[in-house]
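Here's a quick briefing for anyone opening this one up for the first time. Have a look at the picture, then go through the notes below topic by topic.

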Amino acid sequence: MKIKKAHITGGVVIVLAMGLAFNAFQSALTPYVTVAEAMAHERAVQVAGITVKGSDQYDLDTNKLVFTLREDGGAKMVVEYDGARPGNFDDATKIVAIGCYAKEKAVFEASELLVKCPTKYEGRVSGE
Amino acid sequence: MNNLGGLCMWLGLLALIISSLGYLFLLLKPDPVGIKTTARLGFTAFTGCVTVASISLMLAILGNDFVFSYVARYSSRDLPLIYRISSFWAGQEGSFLLWVFLGAWLGLFLIYQSGSQEPRVMLVYNLSNLFLMILLIKQSPFHMLAVAPADGNGMNMLLQDPWMAIHPPIVFLGYAAYAIPFAFAINALWSRDYDGWIKPGLPWAIFAYVTLGAGIIIGGFWSYKVLGWGGYWGWDPVENASLLPWLAGTALVHGMILQDTKKQLRKTNFFLVTFAFVLVIYCTFLTRSGILADFSVHSFTDLGITGLLVLFMGVFIALAVWLLAMRWKDLPAPAKTEIAYFSREFGFIAAIALLCMSCLVTGLGTSAPLITRMMAKASKVSTDFYVQTNLPLAVLILLLLSFVPLMAFGRNQPSRLIKKLPWAVAGAVIALAVTGWHGMFDTRSLLIAIPAGGATGLNLALATGLARRHFSLASGALVHLGVGLMFLGIVASSMYDRSEKQRFFQGATKPAFGYAITLSAPQVVGHGKGERLELPLDIEKGKARFLARPDIYVERKKGGQLQRFIHPYIKRGIFSDLYISPVDYDSGRKKAPSNQIVIKKGQTIHRDPYAITFNGFDIRGMGQNTLTGISVGARLTVAYKTEASVDLTPVLNMGQGQTNAADHREKLPGQEAAFVSLVQINADEKTVTLVYEGSSVNTEKAQNAEKPKASVILDVSIKPGMTLLWVGTFLMLFGGVVGIIRRRPR
């Protein structure tokens with residue numbers, strides 16, 4: 001049976017596309033890590049913890065939300081978030097900060113905050 | 001009967017089983033008298049039971065019958081009527097019930113429509129309803145509490161929006177509809193009538209495309225209007241969960257149209273229809289099983305239905321794959337195997353491939369936590385992943401839409417294209433000119449904007465031309481015109497939006513994007529369970545003046561937690577929206593200087609007008625029984641201005657429940673109401689924490705200062721092209737509705 005040219009072309013295109021997609025997939029993964037690991041590698045990660053009470057404030061010069069995140073083990077780091085304070089931030093049972101640790105500034109620059117609150121409701125609670 | 005609903009669920013399950021057995025008999029023994037009627041009656045009884053159950057849940061909600069755990073969790077006495085109704089589907093169990101309810105009523109149409117295909121179609125359709133019924137019996141919305149609470153938890157403030165009230169029913173109507181083309185397809189394989197499922201199944205596939213699409217768009221519209229982050233699509237797992245079956249279903253519609261007209265893609269379509277249907281279950285599994293709980297802003301709870309959902313998927317995949325394998329050799333090859341590159345067929349196939357690829361990469365990203373969990377630590381992908389992978393696919397789809405709709409099936413002469421292609425070119429040039437005029441030559445946006453302009457131009461010309469012949473002929477062109485407009489809107493709103501955060505002080509006017517914005521007196525208004533901080537803004541631009549009233553709503557939940565909700569203000573315009581979202585509020589009242597003093601043994605601290613020296617501990621209650629606890633005093637020497645210093649010993653009682661420092665405070669000399677008390681000791685470091693009450697030089701100054709000035713940080717943004725986006729999405733759905741009418745069964 002003769003394999004059609006179109007099939008070869010199609011196959012090559014699909015393999016290429018899948019390779020590209022997989023590559024993008026791997027580089028876009030943000031693993032869950034501890035504070036210590038986040039500080040060691042400056043790559044996109046997510047860190048879970050709670051806000052240290054009273055540590056959050058809006059920085060007037062940079063217009064960023066700054067707070068201290070403490071993970072279960074007790075390790076702390078300062079998180080800077082360029083966005084509105086999520087609606088249920090004040091009473092979150094858990095906060096997941098997604099972003100990169102910036103060594104020279106010694107802060108974790110979060111691009112996204114996932115806020116878990118103690119409600120049972122399984123719908124949207126807050127946007128980005 | 002006080003739990004009619006729960007009883008109805010069991011009766012409904014029974015009726016559904018009777019109906020299924022009836023249809024099964026009908027297949028084994030051709031047409032025994034009365035069996036068909038029994039099967040149909042069974043299904044009708046199932047519909048009746050589910051309807052009665054739904055009504056009883058609705059009545060329980062409307063009647064504040066909080067003995068039902070579901071009603072207590074999602075409704076409350078103070079909810080307005082419309083949101084009381086929508087709390088029916090605010091939780092998982094209720095939304096599953098809604099799904100079954102809608103599915104049951106669609107099934108009645110299906111019996112009427114399916115004709116000779118009825119037994120097998122209904123058997124497969126019953127099977128999918130059977131699974132939902134089992135889910136519902138396992139996780140029933142009719143679970144009753146031992147004691148009815150006085151009031152329910154109520155509904156999340158964000159969901160109290162008309163758009164969110166209608167969003168779930170529309171999504172679930174789409175979900176329910178995806179089972180119908182699948183049922184027709186299984187019947188086709190089973191009965192070896194490989195093309196017979198297309199005609200009756202296609203309107204349903206388009207119906208599912210329209211309803212699920214409408215649900216997605218309403219969700220986006222709500223997100224933009226209510227959430228205040230200024231976007232309409234965040235690639236959150238819950239959003240993706242409705243997008244995935246929709247993309248697969250859109251590919252399916254194309255495949256079915258091609259099979260209908262050219263008898264092509266018979267095998268592919270069986271894959272597509274299975275893919276779309278199984279994705280509905282898979283996405284339900286992703287969002288309802290708790291697997292993504294750590295990766296989404298939506299808190300999913302595991303109701304213990306994960307295993308059932310996996311079984312549900314497995315059964316349908318096995319059924320479809322097994323039947324397809326059995327019939328693979330038997331499936332007739334298409335009449336013409338060679339497909340010309342330059343043909344309408346090729347465009348269809350390319351569109352299907354691109355839509356499937358988009359579905360696969362989006363699905364890969366959404367499933368990332370699941371996949372990575374098997375290998376190492378569970379991770380999610382950043383939202384950039386979705387943009388990066390879907391961007392080239394979108395560009396290719398838009399390019400196809402800029403010329404393929406012109407071509408006929410079979411071989412095409414290039415000359416045919418010349419007639420109408422100028423429209424596409426004109427559209428592309430206009431899009432380029434507009435982008436260029438704004439001075440934004442960003443590669444990404446040009447890559448999308450130019451072909452989107454082409455697709456818009458071409459399909460606008462086609463739609464007007466076709467509509468003149470017969471309106472229903474324009475269905476496809478309308479959908480594609482909508483796609484072009486939507487992508488123009490996406491480019492404009494996401495790449496050319498301008499935004500700035502500024503602090504606005506009360507009474508002071510500040511400019512932002514040509515608007516002069518003044519914050520007048522903020523007001524706190526009680527509302528529902530919380531307080532609404534209204535931020536009235538006077539906005540002026542040229543001669544136009546208007547009042548904007550974004551607000552920050554704070555609600556105290558059970559257990560005392562506070563939850564903040566931001567309500568943005570949106571001034572919609574034809575070309576661009578003004579979007580104002582409050583970020584943070586400051587009442588302007590200065591915090592009193594800290595009245596706590598930490599002092600080490602032997603140290604002297606100056607706190608105007610006092611100088612306080614800590615000499616050492618005074619341990620009194622040592623050795624006493626544990627009931628009274630231990631009393632510790634701090635021996636202090638306090639000097640007031642130039643007067644002679646006095647010795648004071650404030651005391652702290654420990655080990656005796658709560659300590660109340662105010663009971664043990666010591667009067668300070670000089671001032672009228674000045675006290676010092678001991679609140680904490682640290683024996684290891686030999687320090688004590690004192691609380692000082694009374695006026696100091698600092699607070700006197702603060703009192704003389706001007707009145708506090710409230711201020712708010714506002715995120716002010718200009719979002720162009722939102723009108724294009726909404727008009728485009730509307731046309732995408734409207735074209736689909738026209739398509740259903742055009743392909744309705746006759």
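In chain A, 49% of the contacts with a separation of 6 or more are between residues 24 or more positions apart. For chain B, that share is 69%. Keep in mind as you read that this is a predicted model.

**The two chains**

- Chain A has 128 residues, and 38% of them count as buried.
- You'll find two helices and seven strands in chain A, and along the sequence they run α-β-α-β-β-β-β-β-β.
- Chain B has 746 residues, with buried ones making up 48%.
- Its element list comes to 20 helices and 22 strands for chain B.

- The average pLDDT of chain A is 76, and 80% of the residues score at least 70.
- Among the elements of chain A, strand β5 (residues 76-81) has the highest mean pLDDT, at 88, while strand β3 (residues 57-59) has the lowest, at 74.
- For residues 119-128 of chain A the pLDDT is below 50, though the stretch still has 38 contacts in the model beyond near neighbours in sequence.

**Nonpolar cores**

- The largest nonpolar core holds 191 residues, and Val100(B), Phe182(B) and Ala248(B) have the most contacts inside it.
- Helix α9 (residues 198-227) of chain B gives this core its largest share, 17 residues.
- Domain 1 (1-149) and domain 2 (500-590) of chain B each supply at least three residues to this core.
- Which residues does Val100(B) touch, leaving aside its neighbours within four places in sequence? They are Val50(B), Asn129(B), Leu132(B), Met133(B) and Leu136(B).
- There's also a second, separate core of 25 residues, and Ala44(A), Val47(A), Val79(A) and Ile98(A) are among them.
- As background, nonpolar side chains tend to be buried together in soluble globular proteins.

- Ile305(B) sits in the loop between α11 (266-288) and α12 (306-327) of chain B.
- Is Ile305(B) buried or exposed? Ile305(B) counts as buried because it has 22 C-beta neighbours inside 10 Å, and the cut-off for that is 20 or more.
- Setting aside neighbours within four places in sequence, Ile305(B) is in contact with Leu135(B), Lys138(B), Gln139(B) and Arg288(B).
- Leu135(B) belongs to helix α6 (residues 118-138) of chain B.
- With 23 other C-beta atoms within 10 Å, Leu135(B) is buried too.
- Beyond residues up to four places away in sequence, Leu135(B) touches Phe96(B), Ile305(B) and Leu308(B).
- Leu135(B) and Leu308(B) are 173 residues apart in sequence, yet their C-alpha atoms are 7.2 Å apart in space.
- For another pair, take Ile305(B) and Val646(B): they are 341 residues apart along the chain, and 72 Å separates their C-alpha atoms.

**An open sheet in chain B: β3-β4-β7-β8**

- Four strands of chain B make up this open sheet in the order β3-β4-β7-β8, with antiparallel pairing.
- β3 (509-512) and β8 (544-548) of chain B are at the edges; each has a single partner strand, so one side of each has no neighbour in the sheet.
- From one strand to the next, the twist averages 25°.
- Inside this sheet, strand β4 (residues 515-519) and strand β7 (residues 537-541) of chain B pair in the antiparallel sense over four bridges.
- Which residue in β7(B) stands opposite Thr518(B)? That's Asp538(B).

**Another open sheet in chain B: β2-β22-β12-β11**

- Here, too, four strands of chain B form an open sheet, in the order β2-β22-β12-β11 and with antiparallel pairing.
- The edge strands are β2 (498-505) and β11 (569-571) of chain B; each has a single partner strand, so one side of each is left without a neighbour in the sheet.
- The twist in this sheet averages 20° from one strand to the next.
- β11(B) pairs with strand β12 (residues 576-586) of chain B in the antiparallel sense, over three bridges.
- Lys571(B) stands opposite Leu578(B) in β12(B).

Terms used:
Residues are numbered from 1 along each chain as its sequence is written. Chains are lettered from A and ligands numbered from 1 in the order in which they are written. A residue is buried if 20 or more other C-beta atoms lie within 10 Å of its own, exposed if 12 or fewer, and partly exposed in between; C-beta atoms are placed from the backbone. Two residues are in contact if their C-beta atoms, placed from the backbone, lie within 7 Å. A nonpolar core is a set of buried Ala, Val, Leu, Ile, Met, Phe, Trp, Tyr and Cys residues joined through C-beta atoms within 7 Å. Domain bounds come from an automatic or database domain assignment. Two strands pair if DSSP finds at least two bridges between them. Axes are lines fitted to C-alpha atoms, for helices over the stretch in contact, and angles run from 0 to 180 degrees between N-to-C directions. pLDDT is the predictor's confidence in each residue, from 0 to 100.
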